[in-house]
Amino acid sequence: MALVERHAELRTLAALYADCARGRGQVALISGSVASGKTELLHAFAERSAVDGAILLTATGSRAERTLRFGVLGQLFHSPAMPETVTDKIISLVADAEIADFTAANPDAIGRSSARILDGVCTAILELAKDRPVVIGVDDVQFADGASLQALLYLQRRMRFARVMVIFTEWALPRPTQAEFRAEVTRQPNTSHLRLAPLSRAGVAELLATRLHDSTAHTLAPVYHALSGGNPLLVHALAEDYRTALRAGGSRVGEIAVGQEFGHGVVACLHRWEPAMLAVARGLALLGGAGGLVPLGKLLDLSADAVAQALEVLETAGLLDGGRFRHPLAKAAVLDSLAPGDRAALHGRAATLLHHGGAPAAEVAAHLIAADQVDGQWAVAVLRHAAEEALVLHRVEQAMQAFELAASGCADDVERADITVALLRVEWRYNPAAAGRHLAPLRQARARGLLSEANTLHLAKFLVWYGHTEELADILGGLVAAGRLGPAFHWLAFLYPAAVADVPVQRAETSTATSWPHVSSMIDCVRLGGGSAAEIGTAAERVLQTSRLGEQTFASQLAAIAALVHADRNDRAVHWCTSLLAEATTRGAATWQAVIGSLRAETLLRQGDLPAASAQARAAHHALSTQGWGVAIGEPLSVRIAAATAMGEHDDAAALLRQPVPDAMFHTQFGLRYLHARGLHHLATDRPHAALDDFRQCGELMIGWNLDLPTLVPWRVSAAQAHLALGDTVAARALAAEQLAHPGGSGARTRGTALRVLAAASTVDRRVPLLLKAVDLLHVGGDRFELARALRKLGQAHDAAGDYEKGRSAARRSLQIAKACHAEPISLELVPSQDTGPVDQAEPRAGMDTLSEAERRVAVLAARGHTNREIGGKLYITVSTVEQHLTRVYRKLNVTRRTDLSAGLPQQLLAAAEER
């Protein structure tokens with residue numbers, strides 16, 4: 001280690017050596033904190049004196065050898081510079097000391113036999129000094145054995161006029177460990193006391209410059225001085241951390257780096273001292289801000305006075321600043337130096353002491369968690385209280401750790417079940433896949449009658465989420481029989497109607513006490529009928545405006561948004577979803593983000609914003625694992641499938657449909673949406689029979705569950721479209737009319753969609769007025785995708801009626817909206833159709849009738865000689881979509897190449913396209 005800011009002391013030693021060479025014996029006592037440069041100063045001077053020709057005798061005190069009689073003296077006289085004859089004489093004297101009365105380093109305790117031995121040792125050294133100066137250096141004299149100290153003191157008193165210089169280095173302690181020895185040394189007139197101060201900021205810069213570039217050293221010096229307290233060993237460690245970070249590319253030139261070497265340096269300093277110093281440092285690191293003198297003393301079984309002395313030493317050494325570690329890494333390194341078992345035991349003791357001292361629950365719980373032990377019921381109570389406090393502060397990881405430990409250490413079965421429910425509720429919010437492990441013990445607890453009614457209802461909700469529904473009806477029936485049908489039951493019945501089909505549900509009383517009764521009333525109005533859409537929307541807004549996102553309000557807020565959706569208030573539903581999603585993201589609640597994001601995706605889909613709906617649903621879908629989503633995975637999947645289908649991305653939709661889903665999902669609302677989305681995909685890919693099966697299954701389930709809501713799943717309209725694809729206009733017309741007459745089908749969006757389909761199933765003369773009304777309603781309803789479809793059909797109806805100008809205007813509006821929605825199938829259908837003029841029905845091949853309108857548009861342009869890229873540009877679709885349509889056209893028309901298309905299509909259709 002380089003010698004920095006010690007040159008004045010080195011000059012003092014040189015002057016003392018000059019006096020010694022002139023026959024005036026000198027003693028130098030060098031005091032300093034640990035790693036302050038005492039040893040380096042001693043070695044630097046020893047080397048100079050050896051070069052000058054002095055006889056150099058050195059020794060180092062050691063804690064491990066402090067009970068070894070004459071251990072330090074033995075080191076001195078085994079130095080290479082000692083003549084062999086003198087060494088033998090000293091060895092003989094030391095051997096005689098085995099029977100002498102050396103009991104301590106007390107100068108008043110020398111007996112006659114001891115004096116004879118010490119005199120012999122002293123005489124041998126003084127004889128050496130007659131020829132040339134003798135320099136004796138003892139490092140860490142505080143660890144020297146008592147017999148050696150007596151010999152050195154004996155020499156000091158007799159070397160006043162000899163060419164002998166003795167140098168001691170010692171720790172600068174408030175109360176020296178060798179007080180008597182130190183007092184005897186310092187009272188002699190030939191003793192000089194050199195006190196080494198910590199390095200200044202300039203000294204730190206100078207020391208850094210020995211390892212780093214000068215400019216870098218000066219840049220880092222202020223911060224590294226503050227971090228090291230001027231301790232040279234720590235400065236060197238920081239310099240090494242900087243170089244390591246620079247080599248690894250983890251920092252830039254001049255950027256502060258504090259790493260592993262700094263931590264090692266702190267621990268190395270502590271290990272050089274007495275065990276009490278290390279113990280106090282560990283206790284301080286463990287207790288942190290609670291590490292006052294009394295708590296530390298109780299923790300470590302030390303007196304407050306001893307703790308104060310240790311803290312003063314640590315402060316002087318630069319390890320502490322104002323009673324705190326200068327850097328978190330120093331604190332961590334000190335704690336890491338404890339064996340795991342010892343550290344856990346210390347944390348456990350700290351928890352008990354702090355609890356008895358009235359410390360905050362969070363502080364006590366942190367130690368209990370670190371100790372991983374619960375010492376009695378008081379610890380369980382503290383952990384539960386700390387967990388609740390952590391939840392208020394959104395410190396979820398701390399809350400879960402506290403709940404976990406409380407449950408594991410709780411001796412009361414009922415309380416353990418209650419804690420497990422709390423843990424399940426919290427963990428589900430952040431990691432539902434992991435939270436599912438709590439269901440098994442809770443089901444067992446319920447079977448043993450250990451769950452309260454409130455916790456039983458919580459269990460029911462999570463059984464629904466995870467699809468474990470075997471005992472659900474029994475659980476809910478028991479709650480009804482006990483008269484404890486909570487308002488959450490209404491929401492549960494709405495999401496999972498199959499589970500409560502045989503459980504009588506009464507409408508909730510309206511109350512202003514909490515938001516839940518309002519939500520119950522809203523859900524009943526939506527589910528069972530009754531109440532206008534305006535009333536439902538107003539009630540939902542009231543709930544959302546008067547509650548903040550939280551565990552107690554989350555379900556009610558979801559229910560309120562669902563009520564807005566079913567009241568056709570999708571614009572407000574999107575607004576509230578966006579607001580709640582931002583708050584859930586801030587909280588880091590993954591499940592809340594996923595659920596709210598999925599609901600937002602659905603509302604965006606209902607607004608016809610297909611790209612945004614797809615992106616939002618994808619983000620929500622990927623936020624949780626399939627296991628974590630449970631039965632609710634049907635929500636983001638159905639939105640993604642429906643959006644992909646509407647945008648013509650049929651391969652993507654098919655891939656999503658191949659993903660496995662839980663069977664229990666098909667007994668929930670999520671299964672209805674999934675079946676409907678799958679049916680739409682079948683319909684768009686020319687599988688109307690499969691589509692009709694899915695739509696009919698939706699209808700059967702919804703009617704059987706008494707949940708026949710067109711705003712939930714418009715299965716009648718969708719089934720009507722499937723019938724149209726199959727050529728059954730009578731069935732299609734009946735279903736569309738039935739939906740229009742249904743009590744829940746009065747919303748603008750729902751009614752507009754039904755009118756569009758009814759128009760397609762009606763005679764030509766009725767289409768225009770029906771479609772005009774549909775367009776007006778869909779414009780009010782805010783669904784741009786459905787509006788584009790209605791406008792496209794309106795344009796065709798105008799063309800069929802001979803009003804080509806209105807037809808072109810409607811088509812242009814439809815194309816503009818379809819492009820904004822990325823609805824490529826609608827864009828495809830905007831190529832002139834067979835309705836633009838009379839068509840000779842004798843010409844087409846047998847497969848002509850099987851072509852969809854989209855396929856006809858592509859086929860016509862391909863037959864006229866346009867390339868796939870040109871077709872895509874004209875129809876605003878991708879080249880890949882063009883290729884998919886042509887593949888189906890070739891198969892249906894039984895042709896093998898592009899040039900055969902003109903022969904396979906009606907000439908009137910080709911001519912009409914040419915005119916346009």
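Mentor: Of the chain's 916 residues, 54% count as buried (that is, under 20% relative accessible area, with exposed over 50% and partly exposed in between, using a 1.4 Å probe and protein chains only). Bear in mind that this is a predicted model, where local features need pLDDT of at least 70 and side-chain atom pairs count only at pLDDT 80 or more, while totals for chains, interfaces and linings use all residues. Residues are numbered from 1 along each chain as its sequence is written, and side-chain values use heavy atoms, with hydrogens and water left out.

The chain comes to 48 helices and seven strands (DSSP runs numbered from the N terminus: H or I of at least four residues for helices, E of at least two for strands). Among contacts (heavy atoms within 4.5 Å) with a separation of 6 or more, 66% link residues 24 or more positions apart.

Now the inside. Skipping residues up to four places away in sequence, Leu-208 touches Ala-217, Leu-220, Ala-221, Tyr-224, Val-235 and Ala-239. As background, nonpolar side chains in soluble globular proteins tend to be buried together.

What about cysteines? Cys-122 counts as buried because its relative accessibility is 3%, and Cys-577 does too, because its value is 0%. The structure holds zero disulfides (a disulfide being a pair of cysteine sulfur atoms within 2.5 Å).

Helix α28 (residues 554–566) and helix α29 (residues 570–587) have axes 8 Å apart and pack at an angle of about 155 degrees (axes are lines fitted to C-alpha atoms, over the stretch in contact for helices, and angles run from 0 to 180 degrees between N-to-C directions). So α28 and α29 are roughly antiparallel to each other (over 145 degrees; under 35 is roughly parallel, 65 to 115 roughly perpendicular, and the rest oblique). Their crossing is left-handed (the near helix is turned anticlockwise from the far one by less than a right angle; clockwise makes it right-handed). On the α28 side, Gln-557, Ile-561, Leu-564 and Val-565 meet Asn-570, Arg-572, Ala-573, Trp-576, Cys-577 and Leu-580 of α29.

For another pair, take helix α1 (residues 7–21) and helix α2 (residues 38–51), whose axes come within 10 Å and cross at roughly 40 degrees. That makes α1 and α2 oblique to each other, and their crossing is right-handed. Glu-9, Leu-10, Leu-13, Ala-14 and Tyr-17 of α1 make the contact with Leu-41, Ala-44, Phe-45, Arg-48 and Ser-49 of α2.

Ser-598 sits in helix α30 (residues 590–606) and is buried, at 1% relative accessible area. Beyond its neighbours within four places in sequence, Ser-598 contacts Ala-620, Trp-629, Glu-635 and Pro-636. Gly-628 belongs to helix α32 (residues 626–629) and is buried at 0%. With neighbours within four places set aside again, Gly-628 is in contact with Pro-432, Ala-433 and Trp-465. The C-alpha atoms of Gly-628 and Tyr-466 are separated by 8.0 Å, though the two residues are 162 apart along the chain.
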